[in-house]
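Open the model in your viewer and keep the selection panel at hand. Each stop below gives a selection and what to look for there.

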Amino acid sequence: MTTVLCFGDSNTYGYNPSNGFRYPENVRWTGRLKKLLGPDYVVVEEGCNGRTTVFDDPFEGWKNGRGYLKPCLNSHKPVDIVIMMLGSNDMKETFHASPEDIARGAETLVRDIIDFTGEKQGFIPKIILVSPPHIGEGISSSPFYGNFLENAIDRSMQLAGYYRKVAERNDCVFVDAAEYVEPSPLDSLHLSAESHAKLAEAFSEIIK
């Protein structure tokens, strides 16, 4: 069996922008990926709303991705593939993070995966580093406006270039999610059911 760990934020969790609840398993990209890959793969869903790369939320510090990553890897070992899609929440105004800062946070997690799995399971999984979907042009009318301001749009569009360099330095597979999907106009942050399907198909092709 090949274990695929999907480590991300609300777009990995499956947040539904139409009602604030979670898409069912057969709609979210992780669940669709499980079906597309078939019985020889175990797909582990580890998405958390609000998760950052390395930044501590002043009110919900437990959403720092770095604090949970090693326990997560250890719980699910042996892990063969890690799909990591983080960075959107790093663009919240409270962090004042540049695209370069966010990519540095992603690289910190990539290095943690490499070092920790090399020690704890004896081999390093293939890492698929995903630059997240762009922040939508309608963010000013989003329910999340205030947490994210208009400046997040441009920063989100710059992330892919920095993430690609991180992937090259660390022998990761690079994926730019914005080449496949865009956020729902309902909140300019989260994915529609159609976008979840497109993302699942993309990851399935890459893995196979």
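The tour goes from a central strand to the cores and then to the rings.

**Before you click.** This is a predicted model: local features need pLDDT of at least 70, side-chain atom pairs count only at pLDDT 80 or more, and totals for chains, interfaces and linings use all residues. Residues are numbered from 1 along each chain as its sequence is written, and side-chain values use heavy atoms, without hydrogens or water.

**Stop 1: strand E3.** Select 81-85. Helices (H or I, at least four residues) and strands (E, at least two) are DSSP runs, numbered from the N terminus. Five of the five residues of E3 are buried, so the strand is largely enclosed by the rest of the structure. Buried means under 20% relative accessible area, exposed over 50%, and partly exposed in between (1.4 Å probe, protein chains only). Ile81, Ile83 and Met85 lie on one side, Val82 and Met84 on the other.

**Stop 2: its neighbours.** Strands pair if DSSP finds at least two bridges between them. E1 and E3 run parallel, joined by five bridges. Phe7 stands opposite Met84. E3 also pairs with E4 in the parallel sense, over five bridges. Here Ile81 has Lys126 as its bridge partner.

**Stop 3: the largest core.** Which residues have the most contacts inside it? Select Met84, Leu129, Ile135 and Tyr163. The largest nonpolar core has 37 residues. Such a core is a set of buried Ala, Val, Leu, Ile, Met, Phe, Trp, Tyr and Cys residues joined through side-chain atoms within 4.5 Å. H4 gives the most, with eight residues. Now centre on Leu129: its contacts (heavy atoms within 4.5 Å) include Met84, Ala106, Val110 and Tyr163.

**Stop 4: two ring pairs.** The structure holds four aromatic pairs. Rings of Phe, Tyr and Trp (its six-membered ring) pair if their centres lie within 6.5 Å; planes under 30 degrees apart count as stacked, over 60 as edge-to-face and the rest as tilted. Select Tyr15 and Phe144: the centres are 6.1 Å apart and the planes at 70°, so the pair is edge-to-face. These two residues are 129 residues apart in the chain. Phe144 is partly exposed at 23%, while Tyr15 is buried at 16%.

Next, select Trp29 and Phe203. Their centres are 4.9 Å apart and their planes at 55°, so this pair is tilted. Trp29 is in helix H2 and Phe203 in helix H6.

Notes
Lists of a residue's contacts leave out its neighbours within four places in sequence.
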